[in-house]
Each structure stands twice: as structure tokens, then as C-alpha cells.
Amino acid sequence: MASFFFRFYNSLPPISKAFGTLCFVTTTAATLKLLPIYYIALIYEEVFYRLQVWRLLTNFIFLGPFSINFGIRLLMILRYGVQLENGPFNRRTADFLWMMIFGASTLLVLAAIPFFQSYFMGVSLVFMLLYVWSREFPNATINIYGLVQLKAFYLPWAMLAMDVIFGSPLGPDLCGILAGHLYYFLTVLHPLAGGRNILQTPMWLYPFCLIRVFHLYMNPSTHYLLPPLLFCTLRVRLVGRPDWIRTGPTRVSFLTRGSLRRKMVARYKIGAPATTQAQPSSNTSGVFRGRSYRVGG
């Protein structure tokens, strides 16, 4: 059982795994009275007057005390966040991280509005992931507690209605929907309408592929792959985004020839074209006829 858990945990993508782990550890520490939640809450007076800037980050990693709602939010990270990171954002860790940063920044602005004021915006960030997932997989069928089946496009609103029934506040959910729609509009809908993508991932996030350098370093049998991979990372900083980061059917990179490229793709999935499953276009229910667009693709 323990080995299965560790295999499952190690198979999770890095950003979703880190976010879920931090939420679980923070809730555990708060429940055991090891961490006073006052010191991680989003209180702008403490941020600006006492320079407690860590509150701008720590408020996102607390999803409330151990409860059914906490379990649901954590499962949402493990399902919808992981599916996003392994699907539309496959091999685009920097883009997924940039989405999280943009969403968190938007939520911090919304939290300054009295109607949306909240001391912890972690639930809103999870809801933003849910909204973006619903737009990426609009035709997926969701079963809610074995009672209702609906298209994934409507899932955020169904969860919002359930929170109303259970007496949970609407502000965090609405903030997450607003942040998710703003991101999806600026990166997908606006460019599709002929506009420019003004939310392109900044260059300083792409050297996160150094995580793979660490894995190479820890395995002595792959030390010979370190020089070319370090060259790739340096090229990101000095030249710009290489072609193998923005993969596509017509793009060719400087690692497209030779056995070295094949070994790196086979073992570490660097430079392999990301594939997404086409969703069925047939819809006999007559409700939503949506189409999934790859974010930033």
C-alpha cells in the first residue's frame, strides 16, 4: 500500500504536486497547532505597514481545516490540476506555473475589493484551475455524487450551486471563476479573435527545465547529457525561447538529429511534440456544443 502511494505521488506533475503538498502540510500544521493561521492570512494592513510580504503567498496554501470541503478541494487539485498539467500543459511546466502566478496575482487584486475580501485565497485558486479545466475539456461528462450527469463546461457553476446549498461563501468561488475566465480570455479567446496574446510566459520562467538537470546529475549514467541540456537552458536565457519548447507539427529544433536527441526524448521527454486527445464532436444531448482550444498553443 505504501509503495503504491509513493508511486502515485512520484507520478504527479511538479506544480500540482507541490501545490497540493503545501496545502496538505499547512492544514496539518494548523490542525496540530504548530502554525498559527493568523500569521499566514492575507491581511493587507500587516503586509503594507509591517512588511509581512510572505502573506501574499502563504494565504494560497491553506484550504481550511480538515473537513469534507478540504478533501473535495484537495481532490480537485489532484484531478483537474493534474489533468491540465499532463494534458494541455504537457511539457509546458513554465506556462502552467505562469498561469498559477497570473491567477494568484488577479486574486490578490480581487481580495482588496470589500465584496470579495477573504483572508485565504487557496479555494479561489483551486476554483480557477477547475474553470480553466472546464474550458479545456468542455465535452467531458461529469458525474456529481452519482446523482447528476453534466458536461464539464457547466461544472464550475454546479460546484457554485452546491456551495450555496451547503452554506459556503460565494466570494472565493466567484473570484476563482473571474480569474480563470480572465486568463482564458486573454490567452485563448482574444488571440482566436485576431488579438495578440499579451500573457506570454516570461523568459525567466523557462530555465525551470534545470529541474531535469538535477535528475541527470543524480544519475551517473546520464552525466554525458548534462552539457547539451545546460546549453539548451543557456540558449533560453540569451537567445530566447527555443523551438523545442513551443512544440508543433511544423517546428524543427537544433536537437532533431542524432541519437542524443532520441535518448533525451525517450528518457526525459524533452523536445517531444505534445499530443492532445481530440474530443468527439458529436453531441446528441442538444446542450453545449463546445470545442477545446489548447491554451497558448
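Predicted model: local features only at pLDDT ≥ 70, side-chain atom pairs only at ≥ 80, totals over all residues.
I take buried to mean under 20% relative accessible area, exposed over 50%, and partly exposed in between, with a 1.4 Å probe and protein chains only. Residues are numbered from 1 along each chain as its sequence is written, and side-chain values use heavy atoms, with hydrogens and water left out.

**Overall make-up.** I read helices (H or I, at least four residues) and strands (E, at least two) as DSSP runs numbered from the N terminus, and I find 12 helices and 2 strands in the protein. Going from the N terminus, the order is α-α-α-α-α-α-α-β-β-α-α-α-α-α. Of the 297 residues, 47% are buried. With contact meaning heavy atoms within 4.5 Å, I looked at contacts between residues at least 6 apart in sequence, and 65% of these join residues at least 24 apart. The accessible surface, by the Shrake-Rupley method with a 1.4 Å probe, comes to about 16,700 Å², and carbon and sulfur atoms account for 66% of it.

An α-helix has 3.6 residues a turn, so residues three or four places apart point the same way. After α2 comes K33, with a positive phi near 65°, in the loop between α2 (14-31) and α3 (44-49). K33 is exposed, at a relative accessible area of 73%.

R91 lies in the loop between α5 (68-86) and α6 (93-111), and is partly exposed with a relative accessible area of 29%.

I count rings of Phe, Tyr and Trp (its six-membered ring) as a pair if their centres lie within 6.5 Å, with planes under 30 degrees apart stacked, over 60 edge-to-face and the rest tilted. My search of the whole structure gives 13 aromatic pairs. One of these is Y38 with Y39, edge-to-face at 5.4 Å centre to centre and 80° between the planes. Y38 is partly exposed at 41% relative accessibility, and Y39 is partly exposed at 45%. The ring centres of F153 and Y154 lie 5.4 Å apart with their planes at 90°, so this pair is edge-to-face; Y154 is partly exposed at 32%. I take a charge to sit over a ring if NZ of Lys or CZ of Arg is within 6 Å of the ring centre and within 35 degrees of the ring normal. By this rule R55 lies over the face of Y38, 5.0 Å from the ring centre. The charged end of K17 sits over the ring of Y9, 5.2 Å from its centre, and Y9 forms one aromatic cluster with F5 and F6.
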